[in-house]
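Me: I have a model open and want to learn how to read it. Can we go through it feature by feature?

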Amino acid sequence: FFFQAEDGIRDDLVTGVQTCALPIYIKSINFKGGVEYIKRSKFGICVKPFRGKSNMMMELMAFGVVPIITNNVLVNTFEGMEENVHYVRVALPKQLERKLSNISDEKCKEMSKACKEWYMENVHSEKSWLKTINTILYS
């Protein structure tokens, strides 16, 4: 697991993660070190985002790390993003252990690939520019 947050942002879900795996909690880390932690993770936790959207979610997906999101993370504005394909949603710590235990290694690899593909089609700078221009011109 990868989890990074500012001081004081620890909720029941993050505390509950310890029941199924020891999360990496990083109080202060440089950019390169953070990227290395992300690259080695299968799942990353996104909680309490600024204005409902999670920048961390996009960073995780760029590396094929499957985001675990709480109910306050908004994804309905992201075209083509699907629960249990691109991310896992949990509301309570006990759900996290159950949901993750039902994700096989093969399913995790499929989700990881789906995350990278979604990122490249929707967020990567080149594709994002084309998508924006097409939306402006043709919508």
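Me: Is Ile136 buried or exposed?

Reply: Exposed means over 50% relative accessible area. Ile136 has 60%, so it counts as exposed.

Me: Which residues make a nonpolar surface patch?

Reply: Ile136, Leu137 and Tyr138 do. Their patch covers about 400 Å².

Me: Now the aromatic rings. How do I describe a pair?

Reply: Two values do it: the distance of the ring centres and the angle of the planes. Here the count is one aromatic pair. Its members are Phe78 and Trp118, with centres 5.8 Å apart and planes at 80 degrees. Planes over 60 degrees apart count as edge-to-face, so this pair is edge-to-face.

Me: Where in the chain do Phe78 and Trp118 lie?

Reply: Phe78 is in the loop between strand S4 (66-69) and strand S5 (88-89). Trp118 belongs to helix H5 (residues 105-122). They are 40 residues apart, and the pair links distant parts of the chain.

Me: Are Phe78 and Trp118 buried or exposed?

Reply: Both Phe78 and Trp118 are buried.

Me: How far does the confidence go?

Reply: This is a predicted model, so check pLDDT, the predictor's confidence in each residue. The chain mean is 75, and 71% of residues reach 70 or more.

Me: Where is confidence lowest, and where highest?

Reply: Helix H1 (residues 12-17) is lowest, at a mean of 44. H5 is highest, at 93. Over residues 1-25 the pLDDT is below 50. That stretch still has 63 contacts in the model beyond near neighbours in sequence.

How values were computed: Residues numbered from 1 in each chain as written. Predicted model: local features only at pLDDT ≥ 70, side-chain atom pairs only at ≥ 80, totals over all residues. Heavy atoms only, no water. Phe/Tyr/Trp six-rings, centres within 6.5 Å; stacked < 30°, edge-to-face > 60°. Helix = DSSP H or I, 4+ residues; strand = E, 2+ residues; numbered from the N terminus. Buried < 20%, exposed > 50% of the residue type's maximum accessible area, 1.4 Å probe, protein only. Patch = residues over 30% accessible without salt bridge, like charges linked within 9 Å, V, L, I, M, F, W, Y side chains within 5 Å. Areas by Shrake-Rupley, 256 points an atom, 1.4 Å probe, with all protein chains shown as cover. Salt bridge = Lys/Arg side-chain N within 4 Å of Asp/Glu carboxyl O. pLDDT = per-residue confidence, 0-100. Contact = heavy atoms within 4.5 Å.
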